[in-house]
Amino acid sequence: MKRFYKDVSVSPVGDAFAISLDGRPMKTPQRNALAVPTSALADAIAAEWAAQGKDIIPASMPLTGLAQGALDQVDNERERIVSRIAAFADSDMLYYRADRGQQALIDHQAEHWDPLLDWARQHYDVDFNLIHGIRYEAQPEATIQRLTKIVDAQDGFAIAAMLSLVGLAGSLIATLGLVEQTHDTETLWPLVNLEELWQEQQWGRDDVAVAMRNLKQAEFEAAARFLKLSRS
């Protein structure tokens, strides 16, 4: 799409902040007003639109996409989306450890993943079953119920961010570290890519895999920024 506007502005509308193009309030794809809960987030979205050149490139506007998801999808499909996020309470990547014959990797996983699980145990009063290999083993029902309630308690903008974060990380626990503002992306991204980074150390770098990981990291950091700005 060609750029069709000159000016981008932000204005308060009730308890929210709306983004306008040449004075006309923006709409989401489902025709909801593009209005967000904080001026900081609105300013950041406006900056994405102001930075566009002759062509509008949606991929360069991740905050806009997440806001549209919060307003269009979460509001209409909240229960389904909460269930998708909360499903990771039973399948978090941090639960799955290497086969018992790979002691060096097991020790590496324990060193880096156990502190994050210990934080979640203490913070949420839950427990986890650790699994060696790829076989499925259910987590305690009390843990699933408790973490599901935590997800469901978030507002729509946080849930939109969490849906992106949990999909990229494969970890609800890591995502909750960002929600609770006890962990940051610099700490968490290497943790959720620990096995891939381990394989690189053992066997060498795969340029295609590195490029894909870098793209996902940019998405992860954008979703974390969206989460933070929606609460500023």
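Predicted model: local features only at pLDDT ≥ 70, side-chain atom pairs only at ≥ 80, totals over all residues.
Local features need pLDDT of at least 70 and side-chain atom pairs pLDDT 80 or more, while totals for chains, interfaces and linings use all residues. Residues are numbered from 1 along each chain as its sequence is written, and side-chain values use heavy atoms, without hydrogens or water.

The largest nonpolar core holds 70 residues. Such a core is a set of buried Ala, Val, Leu, Ile, Met, Phe, Trp, Tyr and Cys residues joined through side-chain atoms within 4.5 Å. Buried means under 20% relative accessible area, exposed over 50%, and partly exposed in between (1.4 Å probe, protein chains only). Ile 45, Leu 172 and Ile 173 touch the most other members. Helix α5 (residues 156-169) gives this core its largest share, 10 residues. Helices are DSSP runs of H or I with at least four residues, and strands are runs of E with at least two, numbered from the N terminus. Beyond four places in sequence, Ile 173 touches residues including Asp 92, Trp 119 and Phe 128. Contact means heavy atoms within 4.5 Å.

Tyr 5 lies in the segment before β1 (8-13). Tyr 5 is buried, at 5% relative accessible area. Neighbours within four places aside, its contacts are Leu 21, Asp 22, Trp 49, Gln 52 and Ile 56. A polar atom of the Tyr 5 side chain lies 2.6 Å from the backbone oxygen of Trp 49. Between Tyr 5 and Val 179, the C-alpha to C-alpha distance is 35 Å.

Val 208 is in helix α9 (residues 207-229). Val 208 is exposed, with 61% relative accessible area.

Terms used:
Polar contact = N/O pair within 3.5 Å; in protein donor to acceptor, adjacent residues only side chain to side chain.
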